[in-house]
Amino acid sequence: MIDVVDVAISVDDVLAAVEGPGEGAAVLFVGRVRDATAGSAVTHLDYECYREMALTEMAALAGEAVANHGAAAVSIVHRVGRLEIGDAAVAIAVSSAHRAEAYAASRWIIDTLKERVPIWKKEWHADGGVWASDHP
Amino acid sequence: MRVLLFASLAEVVGSRALEVDAPATVGDLITLLNSGWPALAGQSYRVAVDQTYAALDQSLSGAEEVALIPPVSGG
């Protein structure tokens, strides 16, 4: 399951998508909206994406995680639009035969997603919004 | 050629897409954008051609969709 959605992410569905009889381990990572950035209170976030390319890059991440990082199956869903504190912004599920590969691949996917996938977050504070990448 | 803009770049230009005369390479496109839209000149971005990150010397011949990708911040 690779998707970009504008409604709440079903983490149960993300996890269920990586089930398999040979996969003894499944790791679920959920990235949630935090109430502060660098000591400044955040009221909510707006995410936007370049949808076609984001889906392409997310599918490539899943493929590379299987080819190079020991994952058996990968599921990635990112949410866009307005998100409130505590909302799930991204959910990543990875399964593998044993836990070491699942943990490592999960970590690699979220780290690489933050470098490559064309999705942008605007953080809203009491005095206005700032794109996350514009932080000094 | 249509050039898509996102996030901070769409805001500084005040538009989500630009129309330019098709340049030969990605590097030529950046030169053209810097002169036509000075607001873009100081910005940091990568160029994607048909949804794939492109190098400066990549040809734009046959390209269907070009996008400027400011530093991403998903997750």
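Chain B is where I started, and I read its elements from the N terminus as β-α-β-α-β-β-β. That comes to two helices and five strands. I then looked up the radius of gyration of chain B: it is 11 Å, close to the 11 Å that the globule rule gives for 75 residues, so chain B is as compact as a globular protein of that length. A reminder to myself: this is a predicted model.

Next I checked the box around chain B. Along the principal axes, its C-alpha atoms fill roughly 30 × 30 × 15 Å.

How much of chain B is buried? I get 28% of its 75 residues. For contacts in chain B between residues at least 6 apart in sequence, I noted that 50% join residues at least 24 apart.

Over to chain A. I found three helices and 10 strands there, and along the sequence they follow the pattern β-α-β-β-β-β-α-β-β-β-α-β-β. The radius of gyration of chain A is 15 Å, close to the 14 Å from the globule rule for 136 residues, so chain A too is as compact as a globular protein of its length.

What does the C-alpha trace of chain A span along its principal axes? I wrote down about 50 × 25 × 25 Å.

Burial in chain A: 36% of the 136 residues count as buried. Last entry, on contacts in chain A with a separation of 6 or more: residues 24 or more positions apart account for 75% of them.

Key:
Residues are numbered from 1 along each chain as its sequence is written. Chains are lettered from A and ligands numbered from 1 in the order in which they are written. This is a predicted model: local features need pLDDT of at least 70, side-chain atom pairs count only at pLDDT 80 or more; totals for chains, interfaces and linings use all residues. Helices (H or I, at least four residues) and strands (E, at least two) are DSSP runs, numbered from the N terminus. The radius of gyration is taken over C-alpha atoms; the globule rule is 2.2 Å times the number of residues to the power 0.38. A residue is buried if 20 or more other C-beta atoms lie within 10 Å of its own, exposed if 12 or fewer, and partly exposed in between; C-beta atoms are placed from the backbone. Two residues are in contact if their C-beta atoms, placed from the backbone, lie within 7 Å.
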